[in-house]
Amino acid sequence: MSAKTKHDAFEEFYTRASNTGPAAGTFFNDKAYLFYTNGNLLDLICMETYLADDKQEKIRLAKSPGKKKGPLGIEYLTKVAYGGDGVSGGYIPALAACAHEGVLYLFYADQRGTLYQMTSPDGTEWSSALTLSERMRLRTDSRFAAVSAGTRLYLIGSGADSKLALNWTDDGGQTWERTDAREQRPAKDGKTEEVGIADVTHTAACSYREPGGEVRIMVGYIQRSPDKKAVIPRKKEALKTWLLHHEENAPPRKVNEPHSIAEDENVSHFAIVPGSIENGCTGSVLQMFVSGKAEKNIKARRYEYSASSGHWSPPILRNWGHMSTPTGHHVDAFQFFKPTDEGHIRSEIWFTQTFDGSGMKKHLGIGRYRSDRLTLTDTLTNWANDDHLTFLGVVESPPPHVLNGSELTDSICSFRFKWSKEEQAAVSAKYKFGASLNFSGKVPVVGLGGEMKIAYERTRSVTSEMKSIKEFSIELYPSATKKTATHLYIRPNITRHTYKLADWQENDLGVQLSLFSVSDLSIEARKGRSLSTFPKQPDPNRIENYVQRFTALPDYADKQLSFSMPVNWSESMKIEENFIKVSKTVTSVSNSVSVECEPAGEAPGDIFSIGVGSSFMYTYEVNVSTQFSSQMGCTVRYPNPRPGETDDISEVKLLMYVFYPDKNKTDRCYWIPQETKNQFPWCVAWSVDELVRQGSSQ
């Protein structure tokens with residue numbers, strides 16, 4: 001990607017992509033991702049930015065092991081089937097991309113209007129294309145929008161019946177809800193009636209937050225209607241906007257009636273994005289980019305929307321740059337975030353446009369504006385307090401022991417997370433934090449990202465999933481008096497970066513953003529619950545209590561993750577054979593840690609002291625992997641039976657179980673306290689299959 005023109009706060013680039021069709025872009029994991037169709041409009045291409053040695057963004061084809069090469073040797077993500085189902089020809093008329101809860105989403109339509117969904121956790125590995133519901137089919141010549149708002153993902157566009165439709169999912173695209181947008185129109189009786197917004201072609205949309213923190217979705221669309229002044233029957237076009245209110249677990253509802261921005265010749269391809277632009281309006285602002293028309297000598301332009309006043313500005317013409325006058329197609333816009341050397345974050349607004357070039361080819365151009373700023377105001381690093389621990393696991397006790405008249409010593413048996421000085425257990429914890437947003441002194445908004453120019457956090461889950469590996473060793477020895485389980489916890493060392501949001505002119509927008517990362521872990525062992533509360537009241541001093549305690553994995557244990565290992569002992573065994581080690585590596589399911597955040601300043605040193613005026617609950621996710629391979633085991637060196645003592649034990653067939661809870665049955669998992677039912681620790685438990693006494697068969 002190389003610079004073409006530069007004018008004050010605006011820079012224009014072009015890519016080497018030519019003969020392109022529909023295009024879309026988004027910011028994800030510190031990169032811009034650009035998608036477009038190539039040549040015959042069947043190959044869907046993905047490009048990404050990267051930082052060159054001069055710290056300037058360059059663009060290249062995104063590499064992926066799953067990609068294939070088309071006839072021109074260009075790698076593509078997917079190919080739309082040519083023809084099929086009696087349809088002659090094939091193409092991709094529209095596509096949309098967005099980042100949502102740390103996942104990169106790409107949607108595209110085929111020549112029948114059927115929608116497809118692809119996802120990537122890292123921008124490299126992509127899922128296969130998933131065909132969405134037939135009831136979500138789109139008008140085949142229209143552009144649609146993908147919008148992330150809180151934990152919900154929207155697809156907004158013109159349906160197969162040309163009516164403006166709202167589709168949304170609260171589970172990452174597994175299930176979708178749908179409703180038609182409606183507006184008030186004059187009725188024949190002089191009153192008004194609610195009717196569907198019909199005869200819609202292209203749509204665009206973005207989410208943002210009002211200064212008070214309410215989530216809004218600005219929808220733009222082109223609507224056709226009969227031109228009553230025309231001598232020859234024709235339809236005129238109008239570019240309109242419509243404001244929606246988003247609320248979790250509720251359908252979207254309109255804030256106001258549609259508002260007309262432009263009509264007829266001034267209607268063209270367009271995109272909407274949040275953010276102020278240098279030398280433009282200040283405060284909380286949205287931008288609308290509209291492409292030009294060369295044959296009508298209509299310049300490309302943009303409009304600015306002030307969230308505080310609720311009004312759109314007059315058109316702002318762009319009289320410079322290669323993309324100012326050509327006929328444009330498939331305009332898209334998104335925010336791009338760049339860290340500065342001082343630790344701040346500078347946002348830019350990028351817009352992409354497919355435009356007519358030489359040789360009847362269409363080229364993909366990129367424009368960028370300097371925009372808002374996240375100013376770093378505070379950095380705090382500290383170990384999380386006891387309320388923020390991750391519950392790793394439970395060890396009931398060392399193995400139940402056999403004395404055969406001898407005194408109890410540490411050498412009789414033990415449980416350990418290591419079996420030599422060279423090898424230790426390893427715990428890997430991947431932390432996924434969301435952003436916490438404070439709006440003008442109100443209770444913070446918590447979630448995996450915010451919508452008003454805070455796409456930065458929402459699109460960075462891979463880099464904010466801080467993975468830390470901690471090696472440790474724990475050894476448990478028998479005790480004549482201790483009859484409690486041992487609980488193991490992970491304590492993270494967390495760094496909190498606090499930012500304030502300002503527009504391009506450094507005006508404070510009343511938004512505070514907190515981002516979290518983990519730099520270290522500690523593993524802690526603590527006294528747990530009494531064994532008398534566990535099934536069959538196990539007592540390590542009474543091995544008889546363990547006989548037939550478990551005969552199989554219980555139904556509340558996850559059958560894929562849980563396992564058992566035999567630990568056999570007899571008087572004829574050699575000492576070196578008595579150590580049993582586990583040869584299986586197990587990864588746990590995700591844990592959710594909920595913490596109460598005190599008002600800022602009321603809990604000095606608490607990394608989650610970020611509230612404003614009152615406390616609130618904040619939840620983050622921790623994926624924990626416990627590496628058991630060659631690191632967890634036990635020793636049994638029971639004393640041999642005494643000659644002539646028929647009650648002495650001569651053989652033990654012991655089983656060491658490792659239970660992982662079934663996520664749907666944690667209420668029955670006896671080792672998980674009620675207050676931590678949203679976490680999923682494993683449990684090491686013991687059972688005796690067979691106990692043989694000297695001089696007897698059983």
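1. Let's start with the charged pairs: a search of the whole structure finds 25 salt bridges, a salt bridge being a side-chain nitrogen of Lys or Arg within 4 Å of a carboxyl oxygen of Asp or Glu. Please keep in mind that this is a predicted model, in which local features need pLDDT of at least 70, side-chain atom pairs count only at pLDDT 80 or more, and totals for chains, interfaces and linings use all residues. Residues are numbered from 1 along each chain as its sequence is written, and side-chain values use heavy atoms, with hydrogens and water left out.

2. Asp-332 sits in strand 30 (residues 328-339) and Arg-143 in the loop between strand 13 (130-131) and strand 14 (145-149), so the bridge ties together parts 189 residues apart in sequence. Strands here are DSSP runs (E, at least two residues), numbered from the N terminus. Asp-332 counts as buried because its relative accessibility is 8%, and Arg-143 is buried too, with 6%. Buried means under 20% relative accessible area, exposed over 50%, and partly exposed in between (1.4 Å probe, protein chains only).

3. Glu-396 and Arg-549 also form a salt bridge (2.8 Å, N to O). Glu-396 is in the loop between strand 33 and strand 34, Arg-549 is in the loop between strand 41 and strand 42, and the two are 153 residues apart. Both Glu-396 and Arg-549 are buried.

4. In the salt bridge between Arg-693 and Glu-544, the closest N and O atoms are 2.9 Å apart. Arg-693 lies in strand 48 and Glu-544 in the loop between strand 41 and strand 42, so this pair joins parts 149 residues apart in sequence. Arg-693 counts as partly exposed because its relative accessibility is 23%; Glu-544, at 37%, is partly exposed as well.

5. Now for the nonpolar side. The largest nonpolar core has 37 residues, and those with the most contacts inside it include Ile-543, Tyr-638 and Trp-682. Such a core is a set of buried Ala, Val, Leu, Ile, Met, Phe, Trp, Tyr and Cys residues joined through side-chain atoms within 4.5 Å. Among the elements giving two or more residues to this core are strand 40 (484-502), strand 47 (649-659) and strand 48 (682-693).

Definitions and conventions:
Helices (H or I, at least four residues) and strands (E, at least two) are DSSP runs, numbered from the N terminus.
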